[in-house]
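Please go through the structure shown below by question and answer.

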Amino acid sequence: MKVFRSHLLLCGGTGCHASGSLEVKKALLAELDKRGLADEIKVVETGCNGFCAMGPIMVVYPDGVMYTLIQAADIPELVEEHLVKGRVLERLLYKEPATGETIPTMQEIPFFALQELRVLRNRGIIDPEKIEEYIARDGYAGMAKALTEMSSEDIVKEILDSGLRGRGGAGFPTGLKWKFASQSPGDIKYVLCNADEGDPGAFMDRSVLEADPHAVLEGMAIAAKAIGAHHGYIYCRAEYPLAIHRLNIAITQAKEAGLLGKDILGTGFDFDLEIYQGAGAFVCGEETALMTSIEGKRGMPRPRPPFPAVAGLWQRPSVLNNVETLANIGQIILRGAAWHASVGSEKSKGTKVFALTGDVNNVGLVEVPMGTPLGKIVFDIGGGIPKGKKFKAAQLGGPSGGMIPTQHLNAPVDYEKVAELGAIMGSGGLIVMNEDSCAVDMARFFMDFCQDESCGKCTPCREGTKRMLEILTNITQGQGKEGDIPLLEEMAGIIKDSALCGLGQTAPNPVLSTLRYFRHEYEDHIKNHHCAAAVCSALFKSPCQHTCPIEMDIPAYIALVRADRFEDAYRVLLKTNPFPSVCGRVCDHKCQSKCRRGKMDEPVAIKFLKRFITDNAPRPKITAVPVDRKQKIAVVGAGPAGLTAARDLALRGYKVNVFEELPEAGGMLRWAIPAYRLPRNILAREIDDVRALGVDIQCNTRVGKDLPWRKVAAEHDVIYLAPGAHASQKMDIPGEDLGGVWGGVEFLRDFNANEEAWLSGKKTLGAKVAVVGGGNSAIDAARVAARLGAEVTILYRRERKDMPAAEEEILAAVHEGIKIEYLVAPLKIQGKDGKVSAIACQRMMLGEFDRSGRKRPIPVEGSEFTLSVDAIVAAIGQVPDTSFVPEDSGVSVNRWACLDLVPDSKSQTTNPKFHAGGDAVTGPDTVIAAIAAGHQAARDIDASIRQSAGEPAWEAPEEEKIDIPLVIDEETLESPQTAMPEMAPSERRQGFAEVELGFTREAAIAEACRCLRCDIEI
Amino acid sequence: MAKLKISDLKKIKEKVHAETALREGDRRVRVTVHMGTCGIASGAREVLDALMREIEESGVSDVVITTSGCMGLCSREPLVTVEIIGREPIKYEYVNPNKMRQIFKRHVLEGEVQTPFVLARGAEIVK
Amino acid sequence: MKAELDDLSKVFTPEQIAQLDAIIAKHKGKPGGLIPVLEEAQVTLEYLPPSVQARIARGLNLPFSRVYGVVTFYSFFTMTPRGRHTVRVCLGTACYVRGGKAIAETLEKTFGIKEGETTPDRRFTYETVRCLGACGLGPVVVVDDDVHGRVKPAKVKDILGPYV
């Protein structure tokens, strides 16, 4: 192996890349080479060290000297001084701020501050292998008190009064258990500790045993005194070698110190205990099975009664408690029942330790008072969900438990509430799942676990779990059948009622719980073979394609980019998407959120590659399709939904007339999205292609005004209504009708219609503009206003992370100098001479979670303030204008002004002659959703026409075959997504030129090589 | 250890308190490596080794190493606490042998907190 | 008796058999001694073929069926020889949610073996486990006693490299 005298660790995190670490690295390598040091000194690029503000950062080892804010120009001096002369270059040295005040205290970190440490009170503080340190923190003082000052009845009463309930899951009152055992006759009794923590995702007990083993021993000795036992076992799973090791040390030390064994502390009380190592069977967590296992047999449960308190281990009265329960005991005896009951909820006292894991930022052990809201644990203590993903559910109670979804984030976590929500408290595994988890797959996962761990003694569990697993597996593999869901429910009921032990009785819980909250996912799998989380891989080729609303063949066009076959790639795009150059710019790219590459580092830049193809390959020529069908179709609205339907129907041989109210086609693409995001000529090119097929688009024609509804209906066989949602929602505050108050889309439409007047100053917003809202329209309006020279402030009532606008848009707005005020809501608009002069606002703070899983903003009293402005743009949402639909048309319009569809159809309105789609049906949604709606409508319209004429279904003409190259890299190195080159922010505000400049050929091919080709089965 | 009587518990408590407060002898710094399964799995053992080697090489005798269990925040492991007598303890996160060497050289020996690696200062409060 | 010893001697050395007998003797007569005997025997002999089980049954005065029943019940016990190294992929919930499945698939692809199997060169025995309690580091792979956390599929090869 080569030995280097020095390692230079250069941070290669995104932050440092952004501040120029790549240039620094290049300069560094060149300099080392120049000085012949390349063989002695190694440059290593590291991951982000979280100190991005001081980047680029380099640490020189072995000296451990850290340099910050390095520029490429500094390199020659740095190498000369430090690496050649061995002197630290003071100029770039990181200097500690004088006071150190910048470091937060533990109490300033919510993860620690919001916890209530009782069971975990010694964590990280004592050395678990030194009994003195435990004693120093009042260890064994509770036991001393119990042995010297208390009778058996006193102890039982104290524990009963404390309200302590079994932490292993079922929540049976510990005092009651002890009472029964203490009242059972017999000289020989046993105290058992259940440390067979088998729930996947739970590690509370392991952690307690490793960090504070004596607390468990102390609890057991007190229990022994309470019930009159002199012998105990700790049943610990073999998978926890460190816990067993530390327990052994603890037991040895306690015995040597006379804290276990004969005549403890000179009180005359004897208690001895040993560790029993489990051999890997989940069922042994069940109390009777655990006892059978200690007896040296197969760990199968036995029917109760008799209960263990009467006839337990070797038929002797026994008490079995879980590790966490026992770790509570010493402190309760020492500090009293009232102290324990001082925290918690009405029926669940004290604290609970959770193992917080899964898709959450802070993974670890969390001890909180019983009744702490779930959302507080996940978001405040856990720090929320990584990578900006959405919370889906928290899984409590492992394979015996259930999921608690978004709408119950405010639920207090205690035994009663958790059970009411269909989960169980369990031993404390709390697994956070984000939107990338599939409910059906999780149910299958847990059923697989239970089936595997079923001991086989009783039929309902042995056979029932097997059969349920089969059904679930079928559903996840696309072989689900109508009737599977009721069958699952029926079987779940039977197993729950008839299984012998807890494992069997609770095995159906995950299925019942997911059916309760995520039934639609089961239905989606069964009926549509669709897995919204893109997990059930038997249902699709690749997750990106499966997630795309129009199922674009993403792996194919990316492979073609890699192969330098851009023209073929373009043809692949056009197979499913009539607007690829539009989508390459403004699509919300859901595909990227499920990209497998994203699990490794960052998703492939699918959207940018799509744009690259349309920018760089010649657009395939379109030829008109002859009209060979007699039926005529009208489309109302020339937005993406209407035009897609028109195109598809034209391809099927229909004559299509499109009627558009505005002067040009394109809908929101033309009239709301500004040209700096979507240049007009790019859009026009795609619309021209629709025309070229033979579709007739009549602009300036509002149906119901310029053209009577009845006439359109009479002259066409089917009408597709896709008018979009072009009216802004009102803020509903006083002063909204003053001059200078705009709706978001109205402002954008006016600007796009009268660009010249706005740019020449004939029309103006004024110097200061407030934009209200946090969606893409709000950002669009703000960025347009900024380009018109205004000083713009966005007012948003929630936090940044709750903004529905695309992250890159928000960033761009900030870069362009737009100010965003978070947690602010407008109260009133003030005016002078009929024109707006100011907006009165109020600050908000965050309250409980709402149904969307975001914290609800609530007003802060007395925080009112006024912002003087010349114009206000309210972009808080859009509604369709469906006033052109006559009441007697038979087409039903609902109270949100949206068009109703009949059940079981994805496009048909209440009048079979009329179909509808796009924003006018769904409310404001994305471009790609509108395109999907257009495809859907065309399929439905064509199918219904052919069906009523008794014709066979349409068959698409054979497509030309494009062969897709298959190149898979042997090894994949981590590398971030290729960044999109952008115009400098200072230049952007000068005009409406496109901000994003597009990939170069090299960048595109490099980015395409990042695709893992997870669509290929080898 | 001899068999204890009730009164011994209190004596032990007082004695250890004196020790853990670092007032005894010539101990100047206490470094705690948090070693639960999670900590070890993410490399706490290597961190401990590096620390011991550093202490040996530097020849200092006033630094004491202890180990303890998991501190709770597994996702930031390995965690190390450096406590210089009379000052607030400093908790370092994502420690590796290289960072440990740097922390030892610059914080333990020179008293200069290595802020970029710090999780927090102070300790958890048990109510 | 003779046949049993013959079977044993084919696979184990006289020292190993003596060790086994010592383990049996240590626990003989203790209630519930069977599982500790099996655990220790497996640590010493690496696996528990029927010949070993028969000797334990005889030593503890238990029916063979009882020993066999216990060995097959608990996942800790194995009746087949193992590889030099054991690779265990955690498929507990936390690891599963964080991508443990992909790790398992990568391993299966790399070695062409399924869960519970040993590579033909007896380098690795590959198992999946339900939660090792190191959920903070998921997905987790354990090779022998070394826990590797935050594993990504592309890193699997690097991790296994040093175990020859």
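Q: In what order do the elements of chain C run from the N terminus on?
A: In this predicted model, the secondary structure of chain C comes to eight helices and four strands. From the N terminus on, the order of these elements is α-α-α-α-α-β-α-α-β-β-β-α.

Q: How many Å separate the centres of domain 1 and domain 2 of chain C?
A: The domain assignment of chain C places domain 1 at 2-73 and domain 2 at 85-160. The C-alpha atoms of chain C fill a box of roughly 50 × 35 × 20 Å along the principal axes. Taken over C-alpha atoms, the separation of the two domain centres is 30 Å.

Q: What percentage of the residues of chain C count as buried?
A: A residue is buried if 20 or more other C-beta atoms lie within 10 Å of its own. Chain C has 164 residues, and the share that counts as buried is 37%.

Q: Which element gives the most to the side of chain C that touches chain A?
A: In chain C, 29 residues are in contact with 35 residues of chain A. Two or more residues on that side come from each of helix H3 (34-45), helix H5 (64-73) and helix H6 (93-97) of chain C. By class, the side of chain C that touches chain A has 16 nonpolar, ten polar and three charged residues. With four residues, the element that gives the most to this side is H6(C).

Q: At what angle do helix H29 and helix H38 of chain A pack?
A: Helix H29 covers residues 640-651 of chain A and helix H38 covers residues 927-948, with their axes 7 Å apart. The crossing of H29(A) and H38(A) is right-handed. Among the residues that make the contact are A:Leu643 and A:Leu649 of H29(A), and A:Ile931 and A:Ile941 of H38(A). The two helices pack at an angle of about 35°.

Q: How do the residues of the contact of H29(A) with H38(A) divide by class?
A: The residues of this contact include A:Pro640 and A:Asp648 of H29(A), together with A:Gly934 and A:His935 of H38(A). The division of the contact is twelve nonpolar, four polar and two charged.

Q: Why is helix H8 (residues 174-183) of chain A largely enclosed by the rest of the structure?
A: The buried residues of H8(A) include A:Lys177, A:Trp178 and A:Lys179. They pack against helix H7 (152-162), helix H10 (213-227), strand S8 (318-322) and helix H13 (323-335) of chain A. H8(A) is largely enclosed because, of its ten residues, the number buried is seven.

Notes: Residues numbered from 1 in each chain as written. Chains lettered and ligands numbered in written order. Predicted model: local features only at pLDDT ≥ 70, side-chain atom pairs only at ≥ 80, totals over all residues. Buried ≥ 20, exposed ≤ 12 C-beta atoms within 10 Å, placed from the backbone. Contact = placed C-beta atoms within 7 Å. Nonpolar A, V, L, I, M, F, W, Y, C, P; charged D, E, K, R; others polar. Axes fitted to C-alpha atoms, helices over the stretch in contact; angles between N-to-C directions. Left-handed = near helix turned anticlockwise from the far one by under 90°. Domains from an automatic or database assignment.
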